[in-house]
Amino acid sequence: MAFVTRRPEEMAGNPFSMIGDEWMLITAGDEKKCNTMTADWGGLGVVWNKPVSFIFVRPQRYTYQFVEAQPGYTLSFFDAGWKKQMAYLGTASGRNEDKIAKAGLTLAFSDGLPYFEEARLVLVCRKLYRQDLRQDCFVDTATDRASYPERDYHRLYVGEVLRVLERQE
């Protein structure tokens, strides 16, 4: 099966359910080495007159160093039949094993950025902005206490969605 390239404005799907319920893989690196992680936090929207994605990665995550080192990242969305592999990819570390191969995924590349051939939808993103979340910026302190009891704050990345790859059946 092949992918068709679409503009971000042509993307099908509800981002709330795609991210929060179906989850996504954040993937970064290059053809020599890359890593991926499952995420159910993030967003899609328009900032600076550009279609963008918002992702959050903790510095402790192995994927963090790959997102930091590269000019961009991809977000891959899968059909429901991949939920078990998505759960595994969110708990196993690429530091310790080849979790991508173990999950049965096939790497592909767009503009040198890794994504997965098994995905139904891929967003190819170029980093525009990054900022560490901080305790003193939380207006709702209950959210801070609930999400960060150990004060291990995420780094926020805003990435321009350059293209959408949609699986053609």
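This is a predicted model: local features need pLDDT of at least 70, side-chain atom pairs count only at pLDDT 80 or more; totals for chains, interfaces and linings use all residues.

Residues are numbered from 1 along each chain as its sequence is written, and side-chain values use heavy atoms, with hydrogens and water left out.

**Stop 1: the largest nonpolar core**

Select Ile26, Ile55, Tyr73, Leu75, Phe77 and Leu123. These residues have the most contacts inside the largest nonpolar core, which has 23 residues. A nonpolar core is a set of buried Ala, Val, Leu, Ile, Met, Phe, Trp, Tyr and Cys residues joined through side-chain atoms within 4.5 Å. Buried means under 20% relative accessible area, exposed over 50%, and partly exposed in between (1.4 Å probe, protein chains only).

Next, colour the elements that supply at least two residues each to this core: α1 (15-20), β2 (24-29), β3 (34-39), β5 (50-57), α2 (62-69), β6 (72-77), β9 (121-132) and β10 (155-168). Helices (H or I, at least four residues) and strands (E, at least two) are DSSP runs, numbered from the N terminus. The largest share of the core, 4 residues, comes from α2.

Remain on α2 and show its side chains. Tyr62, Thr63, Tyr64, Phe66 and Val67 are buried in this helix. The buried residues of α2 pack against β2, β3, β5, β6, β9 and β10, where contact means heavy atoms within 4.5 Å.

Now centre on Leu75. Residues up to four places away in sequence aside, Leu75 touches Met24, Leu25, Ile26, Ser53, Ile55, Leu121, Val122 and Leu123. A second, separate core has 16 residues, among them Cys34, Ala108, Phe116 and Val122.

**Stop 2**

Select Thr27, in strand β2. Is Thr27 buried or exposed? Thr27 is buried, because its relative accessible area is 0%. Its side chain joins that of Thr36 through a polar contact of 2.7 Å. A polar contact is a pair of N or O atoms within 3.5 Å; within protein, one must be able to donate a hydrogen and the other to accept it, and residues adjacent in sequence count only if both atoms are side-chain atoms. Beyond its neighbours within four places in sequence, Thr27 is in contact with Asn35, Thr36, Tyr73, Thr74, Pro114 and Phe116.

Move to Thr74, in strand β6. Thr74 also counts as buried, at 0% relative accessibility. The side chain of Thr74 reaches the backbone oxygen of Pro114 at 2.5 Å. Not counting residues up to four places away in sequence, Thr74 touches residues including Leu25, Ile26, Thr27, Leu113, Pro114 and Tyr115.

**Stop 3: hairpins and paired strands**

Select residues 107-110 and 113-116, which are β7 and β8; these strands pair in the antiparallel sense over 4 bridges. Two strands pair if DSSP finds at least two bridges between them. Leu113 in β8 is the bridge partner of Ser110. The two strands form a hairpin with 2 residues between them, and Asp111 in the turn has a positive phi of about 55 degrees.

Val47 stands opposite Lys50 in β5. This hairpin has 2 residues between the strands, and Trp48 takes a positive phi near 55 degrees. From β5, continue to β10, which runs antiparallel to β5 and is joined to it by 6 bridges. Leu156 in β10 is the bridge partner of Phe56.

**Stop 4: the cysteines**

Cys34 counts as buried at 14% relative accessibility, and Cys125 counts as buried at 0%.

**Stop 5: an exposed lysine**

Finally, select Lys84 in helix α3 (residues 83-91). Lys84 is exposed, with a relative accessible area of 72%.
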